[in-house]
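Subject: Structure handover

Hello,

Here is the structure for you to look at. Please open it first, then read my notes below.

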Amino acid sequence: MGASIAFHLARRDVDVVLLEKDHVASGATGHSGALVRQHYESRIGIRLARESLASFQRFEKETGFPCDFRPTGFLSGTRARDVPAFDSLFNLLRSEGVRVERLSPSDAKTVEPQLEVSDYAAVVYDPAAGYADPIATAHGFAAAAAVDGAKVFAGQAMAALATRTGHVTGIKLRGGKSLACERVVVAAGNWTPQLVAKAGPRLPLRFVRGDVAILRRPVDFGPPPKIHFDFYGNTYSRPEGDKDTLCGYMDTNPRKTARNHELVETLPSATVRHLRGRLAKRFPRMAEAQPRGGWSGAYDVTPDSYPILDRFGPDGLFVAVGFSGHGFKLSPEVGRLLAEFVATGRRPEALEALQASRFEEGRPVRPDAPFPRRGRRLP
């Protein structure tokens with residue numbers, strides 16, 4: 001997210017410095033599922049995702065660097081009891097210009113031969129969806145920002161914000177150095193709350209653990225599968241290259257919090273087996289899949305599962321936080337919009353609903369077409 005914001009600011013001829021405490025994409029970004037989809041339950045989510053997908057499709061032309069976007073297509077089904085909610089969401093997507101198709105179970109089997117559809121009454125198909133390489137994407141944004149004049153510094157961590165009489169004057173770095181500037185955007189993921197803790201009110205964020213397993217498909221599985229959301233089995237999956245499948249849990253309920261938000265680059269074997277077992281209920285051949293590793297991280301989750309993109313605290317400070325597992329796929333459009341906000345001082349209309357004050361004021365983002373009605377959140 002920071003690299004995208006830096007790229008879009010640099011394109012506006014703003015003098016910009018991008019700081020990374022380790023190296024670009026070293027944390028959660030490099031371990032993102034990196035899905036690029038438009039399947040959201042609110043208009044604001046669909047619009048951000050739609051514009052971001054278009055940016056991923058033209059990424060190399062726009063930045064000069066590849067993001068390795070692969071258009072796999074996206075599938076998700078409904079059982080009979082949820083057909084009304086399914087149809088409402090389908091119609092919402094179509095009304096927002098998303099070219100989804102409504103498939104019968106037999107048609108879905110034609111599109112995805114290995115998919116178990118016996119309990120599905122209908123399936124939504126978005127052929128434009130896919131996934132990108134998260135490391136290549138972050139590096140592409142950062143490198144393109146540098147080409148446009150930005151300075152990118154790795155191994156430089158922010159320690160504190162410097163202010164005077166209610167205005168940002170710069171930041172203090174770990175090690176004692178400082179950087180003078182008039183505007184600061186903090187887009188540090190799970191570390192954002194502690195970096196701005198003294199600057200304003202407490203950000204309403206919780207950390208929700210997310211587990212990801214990599215599974216080697218059976219050698220005779222066939223073509224790589226499409227992205228699939230299984231609301232009933234609580235799994236999402238996508239191909240990882242030509243031989244593997246990436247699989248994780250869909251449920252990111254903010255009531256299930258984690259104290260530790262550090263990334264753990266291993267996954268207990270019991271968790272891998274559990275994910276494989278759940279996935280095999282939808283792709284039976286995956287019962288034979290071989291574990292290839294995994295990791296466990298944490299989402300920074302807001303009460304409505306949409307980000308906070310706003311001014312915050314002293315004049316000149318902005319935050320981009322609380323992406324709730326959606327950050328990667330929304331990064332191109334969020335970067336563009338927030339760069340406009342920072343550069344001009346005028347909040348784009350698209351960001352009106354994502355102000356930090358919305359929770360205290362009782363106006364969280366609400367789904368326009370929730371599916372299924374139990375309220376499970378999407379990764």
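Start with Ile5. This residue touches Val185, Ala187, Ala320, Gly335, Leu338 and Ala339, leaving aside residues up to four places away in sequence. Keep in mind that the model is predicted.

Is Ile5 buried or exposed? Ile5 has a relative accessible area of 3%, so it counts as buried, the cut-off being under 20%. Ile5 sits in helix α1. Now look at Val342. Ile5 and Val342 are 337 residues apart in sequence, yet their C-alpha atoms are 9.5 Å apart in space.

Next, helix α1 itself. Helix α1 covers residues 2-11, and helix α6 covers residues 134-147. Their axes come within 8 Å and cross at roughly 30 degrees. That is under 35 degrees, so α1 is roughly parallel to α6. The crossing of the two helices is left-handed.

Which residues make the contact? From α1 they are Ala3, Ser4, Ala6, Phe7, His8 and Ala10. From α6 they are Ala138, Phe141, Ala142, Ala144 and Ala145. By class, nine of these residues are nonpolar, two are polar and none is charged.

Last, the cores. In soluble globular proteins, nonpolar side chains tend to be buried together. Here, the largest nonpolar core has 94 residues. Phe229, Tyr236, Leu309, Leu338 and Leu354 touch the most other members. Helix α9 (residues 327-344) gives the most to this core, with eight residues. There is also a second, separate core of 18 residues. Among them are Val168, Ile171, Leu195 and Val196.

Best wishes

Notes: Residues are numbered from 1 along each chain as its sequence is written. This is a predicted model: local features need pLDDT of at least 70, side-chain atom pairs count only at pLDDT 80 or more; totals for chains, interfaces and linings use all residues. Side-chain values use heavy atoms; hydrogens and water are left out. Axes are lines fitted to C-alpha atoms, for helices over the stretch in contact, and angles run from 0 to 180 degrees between N-to-C directions. Helices (H or I, at least four residues) and strands (E, at least two) are DSSP runs, numbered from the N terminus. Angles under 35 degrees count as roughly parallel, over 145 as roughly antiparallel, 65 to 115 as roughly perpendicular and the rest as oblique. A crossing is left-handed if the near helix is turned anticlockwise from the far one by less than a right angle, and right-handed if clockwise. Contact means heavy atoms within 4.5 Å. Ala, Val, Leu, Ile, Met, Phe, Trp, Tyr, Cys and Pro count as nonpolar, Asp, Glu, Lys and Arg as charged, and the others, Gly among them, as polar. A nonpolar core is a set of buried Ala, Val, Leu, Ile, Met, Phe, Trp, Tyr and Cys residues joined through side-chain atoms within 4.5 Å. Buried means under 20% relative accessible area, exposed over 50%, partly exposed in between (1.4 Å probe, protein chains only).
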